[in-house]
Amino acid sequence: MISLRYMIEVAGLTKAYGQRLAVRDLTFRVAPGEVYALLGPNGAGKTTTLRVLSTLIRPTQGRVRVAGFDVVQDPLEVRRRLGLVNGGMRVYDRLTGREVLRFFAGFYGLEGQAFQKALDWVAGLLEMEETLERRVMEMSTGMRQKVVIARAILHRPPVLLLDEATAGLDVFARRALLDFVKAYRQLGNAIIYSTHVMSEAEEVADRVGFLHQGRLVYEGSKEEALALGEGSLEQAFVRRVKEAA
Ligand code: ATP
């Protein structure tokens with residue numbers, strides 16, 4: 001069991017694509033059992049930040065640690081402790097939920113009994129018993145989304161990153177996802193919830209960071225941010241961006 005004060009530590013992160021600075025001098029931390037909402041419009045740098053955290057791209061400058069491991073020096077250790085959910089993730093149409101999950105479990109070295117245990121745990125957490133036996137092509141969007149989440153957390157990562165995870169979901173699937181985020185936090189995990197949908201952050205976040213043109217223009221507890229926006233995160237965001245300009 002790891003006992004770290006912060007499960008995610010981003011210090012002075014800058015990421016450049018050629019001449020373009022997608023993220024500039026970004027610093028924030030996320031504690032175990034905390035949901036950090038990374039908020040900003042399209043192009044603000046949210047996806048870039050999550051890609052660095054998940055070791056898919058390297059930082060240009062700065063230090064990034066996940067569960068105590070540096071993303072550049074120890075990418076494999078980072079990946080073992082991290083799950084990533086994207087809005088638009090695809091799953092193989094012809095396979096059943098169980099087959100998809102067995103395939104991905106292999107990446108984490110979960111086979112035989114260990115796989116069965118992981119499957120039982122995830123199926124219980126996400127209420128997806130029926131989903132396991134159905135082919136992906138015959139699933140509802142909500143069922144598919146559960147498969148996407150399940151495969152991201154089969155190895156019980158203490159860090160979970162969600163990037164616009166409710167994109168394209170109907171009302172029931174969205175509700176199930178938000179409830180899952182709260183349940184996963186309750187287990188003591190650190191979560192980054194990245195979105196441009198402020199109302200979702202209002203529901204699940206403990207802390208919020210406002211990202212605008214690659215810079216963190218505000219960070220605070222959700223309550224502080226709501227007070228700044230007279231009860232609305234959207235208003236707080238707009239106010240802060242204007243002040244920063
Ligand atoms: P979105 O929700 O639209 O993905 P975002 O907040 O996640 O927005 P990023 O995708 O991180 O933002 O993009 C930040 C900036 O970096 C944008 O200006 C984008 O055009 C640019 N960018 C992102 N990826 C690349 C890339 N591979 N090459 C060049 N520029 C990129």
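Author: The crossing of H6 and H7 is right-handed. Keep in mind that this is a predicted model. H7 covers residues 171–186, and its axis lies 9 Å from that of H6, at an angle of about 20°. Angles under 35 degrees count as roughly parallel, so H6 and H7 are roughly parallel to each other.

Now follow H6, which spans 141–153, over to the largest pocket: H6 is among the elements that give two or more residues to the lining there. The top contributor is E6, with 4 residues.

How big is the largest pocket, then? Its volume comes to about 610 Å³. There are 21 lining residues, and those closest to the centre of the pocket are Arg79, Leu82, Gly83, Leu84 and Tyr108. Sorted by class, the lining holds 10 nonpolar residues, along with 6 polar and 5 charged ones.

If you still have the model open, look further along the chain as well. Strand E9 (residues 207–212) runs antiparallel to strand E10 (residues 215–221), and the two pair over 6 bridges. His212 sits opposite Arg215 of E10. The hairpin leaves 2 residues between the strands, and Gln213 has a positive phi near 50° there.

How values were computed. Residues numbered from 1 in each chain as written. Predicted model: local features only at pLDDT ≥ 70, side-chain atom pairs only at ≥ 80, totals over all residues. Heavy atoms only, no water. 1 Å grid on protein atoms, 1.4 Å probe; cavity = no way out; pocket = protein on both sides within 12 Å on 5 of 7 lines; lining within 4 Å. Points joined across faces, edges and corners; volume = space filled by probe spheres on them. Nonpolar A, V, L, I, M, F, W, Y, C, P; charged D, E, K, R; others polar. Pairing = 2+ DSSP bridges. Axes fitted to C-alpha atoms, helices over the stretch in contact; angles between N-to-C directions. Parallel < 35°, antiparallel > 145°, perpendicular 65-115°, else oblique. Left-handed = near helix turned anticlockwise from the far one by under 90°.
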